[in-house]
Amino acid sequence: MGAEIIRLSGLTKEYGHQAVVRNLDLTIEKGEIYGLLGPNGAGKSTTILMIMGLTEPSSGSIRVAGVDPVRYPVEVKRKVGYLPEDVGFYDDRTGLENIVYTGRLNGLSVSAAKSRALELLERVDLTEAAHKRTGTYSRGMRQRLGLADVLIKQPEIIILDEPTLGLDPEGLRRFLSLIVTLSRQEGLTVLLSSHHLQQVQQVCDRVGLFVAGRLIAEGDIPALSKKLFPNELIAYEAGLHRGARADADWIPMRSRAADAVRHAEGVRNFHVEGDRLFWESDTESGHEIARNVIASGIDLTYLNRKEYGLDEIYHRYFSTVAKS
Amino acid sequence: MTIKEKMKAPVVFTGNPAGLFTYAGRETSHPFWLMVEKEISDHVRSLRFIIMMVLIALTSIATVYLALGSLKDAIKPGDPEGSFLFLKLFTVSDGSIPPFHVFIGFLGPLLGISLGFDSINSELSRGTMSRLLAQPIHRDYIINAKFVAALIVISGLFLCLGLLVTGWGILKIGILPSFQEFLRILALIVLIILYVAFWLNLAIFFSIKYKQASTSALASIAVWLFVTVFYGMLVSLVARSVAPSEFAPPGQIIAYQKLVQNLGRLVPSQLFSDATTTLLMPSVRSLGPLTMEQVHGAIPSPLSLGQSMLVVWPQLTGLIAATVVCFALSYRAFMRKEIRSR
């Protein structure tokens, strides 16, 4: 990691007078998995098409592995594997034939393409279906075949446009773990777009949040939530270990523990529910509070700091935008 | 690699004319020829091509068979075309069905349309276009490969058909075609290929313009019907309304005749039928009206191939131009098309 492999600067794409991508600056480093996140129509696919040299930007510059895709699209396509949204294959050919064709278009000989194709089909778990027509494949199988198709050219970067669309949960889990494994083993840089937050969160090193053609926030998940909600309090929840204590013993013990929390610095909105304590804080003080509670003579069963998932980030972002 | 190993080497797309296009003797092919190979194997395997091929082969057999039967009635003593007996195979008919060249003029466009009408839009709707475009190839390879592959298929089909019919004729009538006749037959085949290529390009153009394969098929067939059926009616309608009186001066009548003919020649089917007639009937000296002065003193002998070619040269250039224009339009439309996933 460290070396930048994709750099977009001041990238803009307009159709007529409508800007689909506006003044986008984005840097992706070698070996990372980057998620482009945003609702439908946010300009993710258009950005990807411009990176691949399939659409010309209205202004701005792009460098992909040191090459300008506007001037040398074929060079870029040699280095970048692209899995389009809802990928299609020649239905009357077998899966093997389909990706051997791709391999040969990339300059492999028949025998080299075939042996590499078989190897890849094994990795994506399609060995048994290799000689079946792709018309008979399920959605998940097509998606995995698409991954093999992208990898046969031995790319430096792979770009996946909405790769998780229409996959069932199990297929999704397998597909994502496949991407992570491949990326880590081969040192591939992966750029994937999605509007499914949960999934992106699982696999991406960094994500960029895309709304209406603009990149509004970027970074890993905690950085993203910090950036989007700077004044947000951190929510904590702690479970107290009651054991077999009778009420008479328990209630004073609990109030001692509660006091230990309540009087700590920065704690607000404190309340107790049975064996559980809830509070919010504007500082990262969980470890100190835990020590205080234990010093008061009660063990903790758990201490949980609630982190904002992408869902929350997403939802909150749009509700604040809608309000303003 | 030994020969034995080579024979064992995997053949991936069976039914392609492989190997033909491998360059520099290596095992890898140029991507363009690879795509042509794939397109050809797609065409040859497709049911619709097989149906069209059977249809064309059957009609050819039927027309030539009937021509063989009525050949002896067709030759009259003193006929200037008597020495071109062999060409009569393609032009004579007993009246029950039209002769060979008319049938081909009718079915050829259908073949061209069937090979081209879904060439681009089917790739788009199957979602294979964006995958193909992500490979390191130039964009125009796609449309060029589509055109070249279909052209190769058409050429193969009509060369085989023409030569088979010739061979059959030799066996049946026992007369060898003269070298001139053979050249005329070859010229006819080239002409047919050119004519079908025009319709192929038109269909490819519609396949770029319309997203649905059915729309582009309908559009192509509509143009074909208009050109072959309705345009003639339209011209005769116009002709009737501007017809000069019987007693008009000859200059006016000739001008009128020329106008009607030239109107008819605006469509490629007329160009094709003019050209085939001239090629197959060496006695045809002009496609326009001839005055008595021009005919006076002419010896009723057939024209040489070169002279016949001179007569149809404008038709030929017209057909080539129409084909090139169609291809240029498709090329432009395709290169400007924004390709997104389906």
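The accessible surface of chain A comes to about 14600 Å², with 48% of that area belonging to carbon and sulfur atoms; such areas come from the Shrake-Rupley method with a 1.4 Å probe, and for residues only the protein chains shown count as cover. The model is predicted, so that local features need pLDDT of at least 70 and side-chain atom pairs count only at pLDDT 80 or more, whereas totals for chains, interfaces and linings use all residues. Residues are numbered from 1 along each chain as its sequence is written, chains are lettered from A and ligands numbered from 1 in the order in which they are written, and side-chain values use heavy atoms, with hydrogens and water left out.

Of the 324 residues of chain A, 51% count as buried, that is, under 20% relative accessible area with a 1.4 Å probe and protein chains only, exposed being over 50% and partly exposed in between. The C-alpha trace of this chain spans about 80 × 50 × 35 Å along its principal axes. Among contacts (heavy atoms within 4.5 Å) in chain A between residues at least 6 apart in sequence, 69% join residues at least 24 apart.

Chain A has 11 helices and 13 strands, which are DSSP runs numbered from the N terminus (H or I, at least four residues, for helices; E, at least two, for strands). Six of its strands form an open sheet of mixed pairing, in the order E5-E6-E7-E3-E8-E9, two strands being paired if DSSP finds at least two bridges between them. Strands E5 (80-83) and E9 (214-219) of chain A stand at the edges, and because each has a single partner strand, one side of each is left without a neighbour in the sheet. The twist averages 15 degrees from one strand to the next, with axes fitted to C-alpha atoms, for helices over the stretch in contact, and angles running from 0 to 180 degrees between N-to-C directions.

Strand E8 (residues 206-211) of chain A pairs with E9(A) in the antiparallel sense over 5 bridges, and Val211(A) stands opposite Arg214(A) in E9(A). Helix H1 (residues 44-51) of chain A packs on the sheet, touching E3, E5, E6, E7 and E8 of chain A, and its direction makes about 150 degrees with that of E6(A). Helix H5 (residues 139-151) of chain A lies across E5 and E6 of chain A, running at about 160 degrees to E5(A).
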